[in-house]
Amino acid sequence: MIPAPAFLSNPERFMAFSRWAAPMFGAIAVVLAIAGLWLGFAAPEDYQQGDTVRIMFIHVPAAWMSMFVYACLGTASFLSLVFRHALADAAAQAAAPLGAAFTALALITGSLWGRPMWGAWWVWDARMTSVLVLFLFYVAYMALRAALDDEAKAARAGAILALVGVVNLPIVKFSVDWWNSLHQGASVFRADGPTVAEVFLYPLLLMALAYMSAFGSLWLVRIRGEVWRRRAEALALRAARA
Amino acid sequence: MFGMLDLDASPYGAFVWPAFAITALVFAGMVAGALAHARHWRSRTESLRKTAEAAEAARRGAPVQDAAP
């Protein structure tokens, strides 16, 4: 019924899997980050950006993760809404704070790069504005979940809001193509291949994989926390009724 | 292709190092937050489960065993 990894739909199986998978992803993230940072600081300065090019190794993966995590949030929300799957709802709820953190990182590090390169901390450019809207969707999702005491109503309302926000993902991705933008266009995921020099591409990809592994680890840990929270609330309710 | 580490970010050090410092702080916050959340609810669940087991044992009139591991 559920196309996602079916063996994970059982909370007991998920807890057994995540118990070893979370630290494994965390260790992989640390190794990849060390390698990525090493190559990033061993790479030569860019002829135009100078040393600010090193901000790209932490900014671009954060920006990619901001969209990837929202896609995870949207998918989990869809599974929760359609199949009423409690673990999918826990996954959605667990993804939101991580996605908000990655999006905030993308905005802050982008601003720190933009000041010396563009001469401005912020411009109301289509890419930057759509990423800010993405951040606001994350915050609104968390605020909505926190505002409703009824877990089922909060899950349903949050899932609907998350699915509305999915519309923003193609806007973020294609904003640099659809509108005149100060932000540069895609330079890695292109039909004709990356246009980034290898000295910058390798550390960038390593850092992107490190961010992805870190998210995998933290997401699993947060979902485990959500499963325990729901078990605790069920036990407390049972004790109150007894 | 890759040389020695170049840690001299001048004249952009005021932008490069804060970007890395903020990233490190945010990651530290994400790790601490995720672990604290999971640990808090795990210990709460275990505490409630022990209480429920003790209450169930008392209801049945059986001697309550020490729940400590």
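Of the 242 residues in chain A, 50% are buried (under 20% relative accessible area, with exposed meaning over 50% and partly exposed in between; 1.4 Å probe, protein chains only). The model is predicted, and local features need pLDDT of at least 70, side-chain atom pairs count only at pLDDT 80 or more, and totals for chains, interfaces and linings use all residues. Residues are numbered from 1 along each chain as its sequence is written, chains are lettered from A and ligands numbered from 1 in the order in which they are written, and side-chain values use heavy atoms, with hydrogens and water left out.

Chain A contains seven helices and zero strands (DSSP runs numbered from the N terminus: H or I of at least four residues for helices, E of at least two for strands). The radius of gyration of chain A is 20 Å, close to the 18 Å that the globule rule gives for 242 residues, so chain A is as compact as a globular protein of that length (C-alpha atoms are used, and the rule is 2.2 Å times the number of residues to the power 0.38). The C-alpha trace of chain A spans about 70 × 35 × 30 Å along its principal axes.

The largest pocket holds about 1,100 Å³ of space. A pocket is an open set of points on a 1 Å grid over the protein atoms alone, where a 1.4 Å probe fits, with protein on both sides within 12 Å along at least five of seven lines; lining residues have an atom within 4 Å of a point. Grid points are joined across faces, edges and corners, and the volume is the space filled by probe spheres set on the points. The lining comprises 42 residues, and A:Val60, A:Trp64, A:His183, A:Ser187 and A:Val188 lie nearest the centre of the pocket. Helix α2(A) gives the most to this lining, with 11 residues.

Over all chains, 19 aromatic pairs were counted (rings of Phe, Tyr and Trp, the last by its six-membered ring, with centres within 6.5 Å; planes under 30 degrees apart are stacked, over 60 edge-to-face and the rest tilted). A:Phe41 and B:Phe20 form a tilted pair, 5.2 Å centre to centre with 50 degrees between the planes. This pair crosses between chains, from helix α1 (residues 11–42) of chain A to helix α1 (residues 13–60) of chain B. Both A:Phe41 and B:Phe20 are buried. The ring centres of A:Phe102 and A:Tyr211 are 5.8 Å apart and their planes lie at 35 degrees, so this pair is tilted. A:Phe102 lies in helix α3 and A:Tyr211 in helix α7 of chain A, so the pair ties together parts 109 residues apart in sequence.
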